[in-house]
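Trainee: Could you show me how to read the pockets and a helix in a structure like the one below?

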Amino acid sequence: YKIIAHEEAVSEPELANHNVGTTIIVKDLFANIPVRLKFLKSAATEFSYIYSIIEHFTLTFPEIDFVLINNNKQVLNTNNIKSQKDLLINYFGKEIKNKLKKISYKKEFISIEGYISNPSYTYSNRSKQFYSINNRLVSSPILFKAINMAYDDLIPKGRFPLILLNIVILQ
């Protein structure tokens, strides 16, 4: 089906030829809202925010293929990459392959799955730390602090490990 939304008008769903999956196209999102438009950063900065969110989604949901196109150029494609480890290698290079530790922890009401880098493989910021709780993307100072404490004596101050964790709280 195809739906077009422009300003307050939303079309009725209509049949459309399309490959399997969903395509979302966003154009001139704030063009008619100058108050909001003035708070936007440069196009490159805004795109980096979008890329970061899509990257996090791809890592959280490796079973879903994502393709991100910007200015008619494909900048991300996860077709046929179905594991988190393979996605991490795809994003951050082959040298990370042997520097990842799989995490799998289960207790009564919680499970934690994902990957962490060994202490010899760090970054200058937290941009390579991806957290989700019950498959919802989160940015949590508590998680940042817990990871910092865990790596405290293992890595220099101002360095950050690669982290990909999904925490599932069972009910």
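This is a predicted model: local features need pLDDT of at least 70, side-chain atom pairs count only at pLDDT 80 or more; totals for chains, interfaces and linings use all residues.

Trainee: What volume does the largest pocket have, and which residues are the closest to its centre?

Mentor: The largest pocket has a volume of about 1,600 Å³; it is lined by 34 residues, of which Ile24, Ile25, Val26, Leu68 and Ile69 are the closest to its centre. Its lining divides into 20 nonpolar, nine polar and five charged residues. Helix α2 (43–60) supplies at least two residues of this lining, as do α1 (34–37) and β3 (67–70), and the largest share, seven residues, comes from α2.

Trainee: Now to the helix: which residues of α4 are buried, and why do they lie on the same side?

Mentor: In α4, which spans residues 141–151, the buried residues are Leu143, Phe144, Ile147 and Tyr151. They lie on the same side of α4 because they cover an arc of only 105 degrees around the axis. On the other side of α4, Pro141, Ile142, Lys145 and Met149 are exposed.

Trainee: Which strands do the buried residues of α4 pack against?

Mentor: They pack against β6 (110–117), β8 (129–133), β9 (136–138), β10 (160–161) and β11 (163–169).

Notes. Residues are numbered from 1 along each chain as its sequence is written. Side-chain values use heavy atoms; hydrogens and water are left out. Buried means under 20% relative accessible area, exposed over 50%, partly exposed in between (1.4 Å probe, protein chains only). Helices (H or I, at least four residues) and strands (E, at least two) are DSSP runs, numbered from the N terminus. The arc is that of the directions from the helix axis to the C-beta atoms. Contact means heavy atoms within 4.5 Å. On a 1 Å grid over the protein atoms alone, a cavity is a set of points where a 1.4 Å probe fits but cannot get out, and a pocket is an open set with protein on both sides within 12 Å along at least five of seven lines; lining residues have an atom within 4 Å of a point. Grid points are joined across faces, edges and corners, and a volume is the space filled by probe spheres set on the points. Ala, Val, Leu, Ile, Met, Phe, Trp, Tyr, Cys and Pro count as nonpolar, Asp, Glu, Lys and Arg as charged, and the others, Gly among them, as polar.
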